[in-house]
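Please keep the sequence and the structure in view while reading.

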Amino acid sequence: MSSSQSLPISDPPSSATGNAAWSSTISATPALRAFLARLTESTRRAFARRRPWYELVDRTAFSKPDSLTDATSRIRKNFNYFRVNYLTLLFGVLAFSLLSHPFSLLTIVSLLAAWLFLYLFRPSDQPVVINGRTFSDKEILGILVILTVFVVFLTSVGSLLMSASLIGLGIICVHGAFRDPEDLFLDDQEIPGTGLFSSFSGAATSAAVADVMARV
């Protein structure tokens, strides 16, 4: 009597295991970790330079500008002083608009996640395979560009972002024109352009750009 030999059978990985492996791979990407670390540190330093909000709404400091030139000068000076506050206000208007339209918020988050995980910070040794077909980096880039153009220009998401941005910029310009900056003490050492957006320069961005250029 011959003994039956059992063959090893491996169970297919569950979706939870696959998601955990994918999350582990993404978190282990050096460019993504460097970008997140740089973004967190830059945001923390930017908010540390935020001006007190009571200075922004001090009613005694508001007056009508003498001319258009005076209004423009006020806007420039106030923006240099209240830069972080103004950007926080602008992001707040954008966030409120997106939260008021959950579908647009979900669309933006999905589009951003697609760019991050399918192209910018995807390891080069992990190709994208859909229904058995392997997509090259150039094909993924083309699909993402077409998808972005479609979402921004051919759906209500783009008009929502544009409207919210114009409202936020309008509030900032009106405040900057009527807020008298004479009582503000600008730091001459402060370099315009630093702050909340400085996370897109430095090691994190260099790593991300190098990774993108290697794919093209």
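How many aromatic pairs does the structure hold? The model is a predicted one, and the structure in it holds three such pairs. A pair of aromatic rings is described by the distance of the centres and the angle of the planes.

Take Tyr 81 and Phe 82. Their ring centres are 4.8 Å apart and their planes stand at 85°, so this pair is edge-to-face. Tyr 81 and Phe 82 are both buried.

Phe 82 also pairs with Tyr 86. Here the centres are 6.0 Å apart and the planes meet at 50°, so the pair is tilted. This angle falls between the cut-offs of 30 degrees for stacked and 60 for edge-to-face. Phe 82 has a relative accessibility of 0% and therefore counts as buried. Tyr 86 has a relative accessible area of 2%, so Tyr 86 is buried as well. Buried here means under 20% relative accessible area.

These rings belong to one aromatic cluster, formed by Phe 79, Tyr 81, Phe 82 and Tyr 86.

Now to the chain as a whole. Its secondary structure consists of nine helices and two strands.

Helix α6 covers residues 102-120, and Thr 107 lies in it. Is Thr 107 buried or exposed? With a relative accessible area of 18%, Thr 107 is under the 20% limit and so is buried. Leaving aside residues up to four places away in sequence, Thr 107 touches Val 151 and Val 157.

Contacts across the sequence can also be taken over the whole chain. Of those between residues at least 6 apart in sequence, 82% join residues at least 24 apart.

Last comes the surface. The chain has 216 residues, and buried residues make up 28% of them; Phe 82, Tyr 86 and Thr 107 are among the buried ones. The chain exposes about 14300 Å², and carbon and sulfur atoms supply 68% of that area.

Methods: Residues numbered from 1 in each chain as written. Predicted model: local features only at pLDDT ≥ 70, side-chain atom pairs only at ≥ 80, totals over all residues. Heavy atoms only, no water. Helix = DSSP H or I, 4+ residues; strand = E, 2+ residues; numbered from the N terminus. Buried < 20%, exposed > 50% of the residue type's maximum accessible area, 1.4 Å probe, protein only. Contact = heavy atoms within 4.5 Å. Areas by Shrake-Rupley, 256 points an atom, 1.4 Å probe, with all protein chains shown as cover. Phe/Tyr/Trp six-rings, centres within 6.5 Å; stacked < 30°, edge-to-face > 60°.
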